[in-house]
Amino acid sequence: MTEHAEHADHHHGHDDSPEAVKKEIRKYLYVFYALAVLTGVTVWISTFHLPIHTAVIIALVVAVTKGSLVAAFFMHLISERKLIYAVLVLTVFFFGMLMWGPWHHRYDAEREWPGYDLHAAKPGAAAEPAEQHPQQPDKSHKSH
Amino acid sequence: MTAHAESLHAVEGHDAHHEIEIPYTVHARPDTGLYNGKLGIWLFLASEVMLFGALFSTLILLRTSAPTWPRGWEELNITLATINTFNLIASSVTVVLAWANLRLGNLKRGKLFLGITLLCGFIFMGIKAVEYASKFQHHHYPSTNNFFATYFVMTGLHGLHVLGGMVVFTYLLLTADKWYAKNRDQFTNRVEVTGLYWHFVDLVWIFLFPTLYLL
Amino acid sequence: MPPKRQVRVGTQWMYARDAQRALEEAIRVAEEEHREREHQIPFIRKYVFSTDHKWIGIQYAITALTFLLIGFSLMLLMRWQLAFPGKPFPHFIAQFLGQSNAPGGVMLPEFYNQLGAMHGTIMVFLAIVPLAVGAFGNYVVPLQIGAPDMAFPKLNMMSYWCYLPGGLLMLSSFLFTGGAANSGWTSYPPLSIIATQGQTIWILGMVLLITSSLLGSVNFIVTIFQLRAKGLTFMRLPFFVWAQLVTSFLLLLAFPPLEAAAILQLMDRVAGTSFFLPSGLVISGTPLTNAGGGNPLLWQHLFWFLAHPEVYVLILPGMGIISEVIANNTRKPLWGYKSLVGAGVFLGFMSFVVWAHHMFMTGMGTVISAFFQTTTMIISIPSVIILTALIISLWGASIRFTVPMLFALAFLPMFGIGGLTGLPLGLAAADIHLHDTYYVIGHFHYVVAPGTIFAMFAGIYYWFPKATGRQMNEKLGKIHFWLSLICINCVFMPMFYQGLAGVSRRLYDGGAQYAHAKNVIGSNVFISSAAWLLLVAQVPFIFNFFYSMFKGKRVGANHWDATTLEWAATTSPPLGHGNFVVIPTVYRGPYEYSVPGYDAADFLPQNVPDDTALPPASGGGMLAHGAVAQRED
């Protein structure tokens, strides 16, 4: 069984010396500032009321950036073990499949048989409480 | 078949106590570089990614197939949610500071930061309660339409996870003195592991917030 | 004449035989002192809320086998209705079922649906997986990797105590108004949303079961990665452990979407949401008042995202057991160990990307349909590799036809039939004809029943001596085997023909109302009779199981002359005190049978040091543990 010698503290995989920890603390604060700024940015951009497709892309880019900072530095992923990376890569792949599958099923069917989704939702009248809806199938709906 | 000695019974080499020594509970195993709890929590978080993933998938399907869907600002309180976002991010910082202080041997500061983290949790739930109450006052329920259904389920499940974290932080605070004295490294690990869970809860919110409120 | 070997015990050198006696005496004394202390573990902590993986494994086994019998019985009731539609049950059964389920002794269609849904649910979630993973996994894995217990013993205990209440909750749903869940084990909306109360109980039970599964899978993965004994590298693991590792990853990552979906369905049922309810739905002339805008196919996607990997959860541990039994009873290493491992891992990965082959008939575009057909065809490859490796392992072997081996040998062709009959289902064109017919029922039952369940039987007969220190009766075992094999084929083979003729599944009258069923519906009496005979065939097993626990022939720690680490532990390792005198060190792979150049025995256990020339059987147990040193004189 291989035993690699870590440089400082192989029991914890990280350095517990006061200097090292203090350096880490400074890093955490920088990340916090970055996250705060990015939060502000994403809220500010949302006030422009951009069209949905643009808004989604920008929001996702910012969210992924923020998420990566949290994961890399607060969760120490940046210095984590290969095994954890492997588990996460696998998870992200399956997560992607889950995002894609249901949506693409509908997209593909809609492409092949336009209007096949007869009973489209009517959530537009969002302010009203649930009430009886008319029975006619709405063939003239637009996919969002 | 075997013609061999009668059974040997397993006897502990050292004086028997009822707790079995499980290796690598506190210190990392050399070839994986991990202690058990850390691997365990990452695996659990992987499963949580899939759990929230299913809800995001639901949102994507329902939203893209709906003819109309309100923009977030039309229905939801962005100010309150933004405050909560800063709040949660701050609590992520405080929990990792708690862990850092424990590694430095500073139990008091460690407990202080754990306490602030817990407080942030209370603030988060408080603001959520205000949001939900306002929705109900305007007769917006999960049954109103799928926009609200997804809003309530996703933030509700996330809120339950915040609550769960708060319960654990409370337990850690209450038992800190005892555990720190008994096994300092193990307690520090427990804070690290709980912190990882808490960061994940923060991570989910980082995606939930723009998705529900800003799009 | 081999030189007289002396061993050192403590500070003295003595001959091996004397050393053995001295050690046994020392152990006997220690045992007595130990028994004094042992009495201090309260009964509740030792047997009810145990944290010992061996006892938890046994708890899972007893509970799962009970659920297996219950689930089987539900089907036997259904088979009466299918064989004799509209005829009343025999009096004692009619009385038991009561007037609300079977007025005048005749089963109601609603009750038939409940039985169908609960049969599937119980078999998959309460019987097979808890048996394969909870029982066998828990008991054997820590022993096979040389660990003192699982990584998180308390979590292990919680796993079981989420499973049992979940299962009981599920069962209790029969007592609610409207009875148990009745929308199939697949619980498709909109039907499941408007179904009776039992469906809500089903959902709540599932949440508990999924929690149990989640805790367990984390435990297994951490245990296998972190608690392997010294020298036990991944490529020296028994294939059973690999199978459990892959299975745990499947459970870990595939179950959560179903948990989310269950929450959504619960919301639809009790909170009036419309996640799965489309707009404009009219039930029996009354329009639904829900907001609408939901998508029933969303449920199907989330359900099958779990349920497909779930079927690999059902088969993989079984393949693991069969591998162990085959290696042991052929007295040679498994052929293609590396291929087995690679195929197992690849199978696990692919299982996540095939799920929509259960949805070919939902209105799929060509692109997505092509994608899932392709992945489904690809996933058949690792299964074939595994089956082939196991079959080739028989070539040139010295086969011992023990009872476990009989079940293992039968598994191979049975799984072959099950797997091959799956291929047309994976091709959308053929699936048009076969979807939702009895062909599907035949296909998956061949894989689970003479497939997995036979593997479970093999495992029980195989590891029974380890857990109890006694042997199960071979004759009874052989009767059990042959009767079960014949009956089970009689039950499921005709179903392929019924399905090919177009008979749909889940029909209360078994297809009697359809002209296309006319020629094949006669088999129903035959199938039902075979099923009832199959129940009778289990009697020798059930009797054997309990009788042998108390009166079976006592055997040694390594009854089967096996090589893997669990056989180096003592017989029936006692609870709460770890598994090994000294944690073993591993020196070689898991299947070193008939090692060329090693003539002392036809097997060389993993933990016997390289320089030991003594046969592993005589006293080698203690030497193997490193408890004593040895020298030549």
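Reply: Residues are numbered from 1 along each chain as its sequence is written, while chains are lettered from A and ligands numbered from 1 in the order in which they are written. This is a predicted model, in which local features need pLDDT of at least 70 and side-chain atom pairs count only at pLDDT 80 or more, although totals for chains, interfaces and linings use all residues.

Because 32 of its 36 residues are buried, α5(C) is largely enclosed by the rest of the structure. In that count, a residue is buried if 20 or more other C-beta atoms lie within 10 Å of its own, exposed if 12 or fewer do, and partly exposed in between, with C-beta atoms placed from the backbone. Just after α5(C), C:Gly146 takes a positive phi of about 75°.

Another helix of chain C has a residue that meets this part of the sequence. C:Met75 sits in helix α3 of chain C, residues 53-83, and is buried, because 22 other C-beta atoms lie within 10 Å. Leaving aside neighbours within four places in sequence, C:Met75 is in contact with C:His119 and C:Ala531, contact meaning that the C-beta atoms of two residues, placed from the backbone, lie within 7 Å.

The largest nonpolar core has 279 residues, a nonpolar core being a set of buried Ala, Val, Leu, Ile, Met, Phe, Trp, Tyr and Cys residues joined through C-beta atoms within 7 Å. Those with the most contacts inside this core are C:Leu131, C:Ile221, C:Ile322, C:Phe407 and C:Ala458. C:Phe407 touches C:Phe454, C:Phe457, C:Ala458 and C:Phe481, not counting residues up to four places away in sequence.

By contrast, C:Val536, in helix α17 of chain C (residues 523-551), is exposed, because it has 10 other C-beta atoms within 10 Å. The C-alpha atoms of C:Val536 and C:Leu483, which are 53 residues apart along the chain, are separated by 8.8 Å.

Most residues other than glycine have a negative phi, and most peptide bonds are trans. In the loop between α6 (153-172) and α7 (191-194) of chain C lies C:Pro190, and the peptide bond from C:Pro189 to C:Pro190 is cis, with omega near -5°. C:Ser187, found in the loop between α6 and α7 of chain C, has a positive phi near 45° and counts as buried, because it has 24 C-beta neighbours inside 10 Å. C:Arg331, in the loop between α10 and α11 (337-350) of chain C, has a positive phi near 55°; with 16 C-beta neighbours inside 10 Å, it counts as partly exposed.

Finally, helix α10 of chain C (residues 296-330) meets a helix of chain A, namely α3 (residues 82-112), their axes coming within 10 Å and crossing at roughly 145°. Axes are lines fitted to C-alpha atoms, for helices over the stretch in contact, and angles run from 0 to 180 degrees between N-to-C directions. The residues that meet are A:Leu98, A:Gly101, A:Pro102 and A:His105 in α3(A), and C:Leu297, C:Leu298, C:His301 and C:Phe305 in α10(C). The residues of this contact divide into five nonpolar, three polar and no charged, where Ala, Val, Leu, Ile, Met, Phe, Trp, Tyr, Cys and Pro count as nonpolar, Asp, Glu, Lys and Arg as charged, and the others, Gly among them, as polar.

Terms used
Helices (H or I, at least four residues) and strands (E, at least two) are DSSP runs, numbered from the N terminus.
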